[in-house]
Amino acid sequence: MFVFKAAVVGAGTMGGEIAQVVASAGIPVVLKDVKQEFVDQGLDKARSVTQGQVGKLVEKEKVTKEQGDQQIEEIVGRITGTTEYEGFGDVDFVIEAVPEKMEIKQAVFAELDSVTPGHAILSSNTSALSISEMAEATSRPDKVVGFHFFWPASMMRLVEVIEGDETSEETMQSAANFVQQIRKTAVRCAEVPGFVVNRILNSAAAEIWRVTDDEGIDPQDVDKVIQESKTIPMGPYFLADMVGLDVTLHTAEHIAESYGERFYVSEKLRELVEAGDLGQKTGKGFYEHG
Ligand SMILES: NC(=O)c1ccc[n+]([C@@H]2O[C@H](COP(=O)([O-])OP(=O)(O)OC[C@H]3O[C@@H](n4cnc5c(N)ncnc54)[C@H](O)[C@@H]3O)[C@@H](O)[C@H]2O)c1
């Protein structure tokens, strides 16, 4: 199946960038959230990411300033914001990126089932929840699939395509093709805790969290040493702030519950989430954000 039009539900940390990725591959996309201010934040994010990408092309003299400005308007112009399900009647592929709570996801999937055409594939950007459970809220479980991007979605090339109990082979193949259509790389995986990437990432992060807590080290000092080593672009605490501490904690707890004590969960992370400090999106986490 070729995707002529797509939709993204949830315009938060991930949704705005995912819509930008789809639009910059030439595909019209509807971006939905519950309030206009959230939709606008998603659209602003998509514009600023596009400006950054096109700005680099102008700097390298691959395109002129005028061509660059036109490209920005064309890409951003492919994204239509909405607080209703307007424009969902002719979409081929939907990516859900609402908060990581099963009751919210199931409610959204039930709504999507009634507002999208029968052939449309309904996918979830969930980090850890069951695709099969989301599919139960629809009348088309064979067309429900995991479609997991990584932060920041505009830069990270990998998308995990996750097979639920009822996902058909045709849906898996169409989802993997769509990953290529938006110029990313697909990795197919089973519905297992942490899928592929978060299982690997969390095994490393858990050790760092354990030592930091045991030794009473300042998380920012840990990040500084890791960043100075130039092995990865940023330390685990800064990354967690960018991803959102609620999302990070939810994934970490899910993996620890599934695989046992070798996956330690940071105490400081729990404390910050309890206090409502969720990282960049609330202005404070392991760092203060301007
Ligand atoms: N943050 C990350 O780095 C990251 C990475 C990969 C996957 N994910 C997953 O992506 C999903 C979204 O995460 P996020 O970090 O973008 O969350 P977020 O909290 O930043 O954004 C979620 C958005 O969904 C909106 N929303 C809530 N209910 C809605 C509804 N019924 N209809 C439409 N919009 C609704 C909220 O208003 C909010 O703007 C989660 O499942 C998360 O696990 C997150």
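How many aromatic pairs does the structure hold? The structure holds nine, where rings of Phe, Tyr and Trp (its six-membered ring) count as a pair if their centres lie within 6.5 Å. Planes under 30 degrees apart count as stacked, over 60 as edge-to-face, and the rest as tilted.

Before I continue, a word on the source. This is a predicted model, in which local features need pLDDT of at least 70 and side-chain atom pairs count only at pLDDT 80 or more, while totals for chains, interfaces and linings use all residues. Residues are numbered from 1 along each chain as its sequence is written, and side-chain values use heavy atoms, with hydrogens and water left out.

Let me turn to individual ring pairs. Helices here are DSSP runs of H or I with at least four residues, numbered from the N terminus. Tyrosine 237 is buried, with a relative accessible area of 1%, and phenylalanine 286 is buried as well, at 10%; buried means under 20% relative accessible area, with a 1.4 Å probe and protein chains only.

A tilted pair joins tyrosine 259 and phenylalanine 263, with 5.6 Å between centres and 40° between the planes. Both of these residues are buried. The ring of tyrosine 259 also has the charged end of arginine 199 over it, 4.2 Å from its centre. Such a charge is NZ of Lys or CZ of Arg within 6 Å of the ring centre and within 35 degrees of the ring normal. Likewise, the charged end of lysine 32 sits over the ring of tyrosine 85, at 4.7 Å from the centre. Elsewhere, ring pairs link Phe93, Phe147, Phe149 and Phe178 into a cluster.

I come now to the ligand. It is surrounded by 25 residues, the closest being Asp33, Glu100, Lys105, Ser127 and Val243; a residue is included if one of its heavy atoms lies within 4 Å. Helix α4 (residues 102-115) gives the most to this shell, with three residues.

Finally, the polar contacts, which are pairs of N or O atoms within 3.5 Å. A polar side-chain atom of glutamate 100 lies 2.5 Å from an oxygen atom of the ligand. For methionine 14, a polar backbone atom is 2.9 Å from a ligand oxygen atom.

How values were computed. Buried means under 20% relative accessible area, exposed over 50%, partly exposed in between (1.4 Å probe, protein chains only). A polar contact is a pair of N or O atoms within 3.5 Å; within protein, one must be able to donate a hydrogen and the other to accept it, and residues adjacent in sequence count only if both atoms are side-chain atoms. Helices (H or I, at least four residues) and strands (E, at least two) are DSSP runs, numbered from the N terminus.
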